[in-house]
Amino acid sequence: MIRTFARFACLAAALAAPLCAAGPASAASSRIKDIASIEGVRQNQLVGYGIVVGLNGTGDTLNNSPFTKQSGTAMLERLGVNIKGANMRTANMAAVIVTANLPPFSAQGTRIDITVSSLGDAKSLQGGTLMATPLLGADGEVYAVAQGSVAISGFSAEGDAAKVTRGVPTVGRIAGGALIEREIEYALRAQKTLRLALRNPDFTTARRMAAAINDFMGADAAEPTDPSTVAIQIPPNFRGNMVQLLTEIEQLRVDPDQGAKVVIDERSGIIVMGKDVRVSTVAVAQGNLTVTITEQPVVSQPAPLSSGQTVVVPRTGVTVNTGEGNKLALVKEGVTLRELVDGLNALGIGPRDLIAILQAIKAAGALQADIEVM
């Protein structure tokens, strides 16, 4: 019995070995749906011009915004109100630009969110209502109609001697504020070839993605055509059932690769380094010339019963720091990103000085990465 149990244990271990090898994906792997998009399945931008009414005296100044006056006159005429020749002085309406994104495969009658932005000199859109506004696509056709109450996240209040503004009160949103009137046709089921577009183009990632798809299908159906595109020939058993195929492909996991890059934003002092950034052994010294000037004026009082006058005597102090205490620091060859960061942090400097050091190391040929300055 003991020998039989031992043989069954060995057999169970042998059968479980492949399952363990193909167990949970590594932490660095990502789903294909997170690193690539399907060509043709995309959003479309919509834009329109409209009028917001019902503002509490915070609308456009009609003398400074003639387009608002013309739009108000045209709107009232469409509603049967003739005001030609009249002098409009209302401050309760504002001209706005309405923008929205039309999702792919949106059905007629569904709602989408819209953004309303002031076009004139209105102070706030709080409490306003957007009148019916057609939203146009790039082809000039109307795809949606927007209308509703504007909700803003900012506010503005002012008095005779003070003013408080928080956020941007001239931009607001309307959740579900537009109704889709026209659908964009895309025959997904009739496609014989699918193209996956990588969000971060890379040769290695495209090859790995194609290999993962081919392993799933059991045939050479996927092929990378360039660093940003993987073309898939639809197998006969999936034709007419694209949803099932895409559902399976989206869940496949791939280890995305990326080039070594250092991104620098000099305006804010932000530095972002990828995991493959390497630096050769290099010695770095950093020191700034700092000149500090302080003014401490002293009041000089005359002696009692004298004819002298009280005067202010200037007293200036000048301090010069040439950074003589700073010495050469050795930054060893970084095997990992953590070691590279630790070596640079050993210099004891701030982000802005670190930006200059990274650029100098790159100029010396010791930084094995591309530097991108935003």
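1. What volume does the second largest pocket have? The answer is about 240 Å³. This is a predicted model, so treat each value below as computed from that model.

2. Tyr49, Gly50 and Ile51 line it, among others. Ser71, Ala74, Met75, Arg78 and Leu79 are also in the lining. Met131, Ala132, Thr133 and Pro134 belong to it too. Strand 3 (44-53), helix 3 (66-78) and strand 6 (129-136) each supply at least two of the lining residues.

3. Eight of its residues are nonpolar, three are polar and one is charged.

4. Now turn to the largest pocket. About 420 Å³ of space lies in it. Its lining has 17 residues, and the closest to the pocket centre are Asn200, Thr205, Pro256, Asp257 and Gln258. Helix 2 (32-35) and helix 4 (203-217) are the elements that give two or more residues to this lining.

5. The lining of the largest pocket divides into eight charged, five nonpolar and four polar residues.

6. Is Gly177 buried or exposed? Gly177 sits in strand 10 (residues 171-180). Its relative accessibility is 3%, and buried means under 20%, so Gly177 counts as buried.

7. Which residues does Gly177 touch, leaving out those up to four places away in sequence? They are Arg111, Ile112, Asp113, Ile114, Val145, Ala146 and Gln147. Take Ala146 from that list. Gly177 and Ala146 are 31 residues apart in sequence, yet their C-alpha atoms are 5.5 Å apart in space.

Conventions
Residues numbered from 1 in each chain as written. Predicted model: local features only at pLDDT ≥ 70, side-chain atom pairs only at ≥ 80, totals over all residues. Heavy atoms only, no water. 1 Å grid on protein atoms, 1.4 Å probe; cavity = no way out; pocket = protein on both sides within 12 Å on 5 of 7 lines; lining within 4 Å. Points joined across faces, edges and corners; volume = space filled by probe spheres on them. Helix = DSSP H or I, 4+ residues; strand = E, 2+ residues; numbered from the N terminus. Nonpolar A, V, L, I, M, F, W, Y, C, P; charged D, E, K, R; others polar. Buried < 20%, exposed > 50% of the residue type's maximum accessible area, 1.4 Å probe, protein only. Contact = heavy atoms within 4.5 Å.
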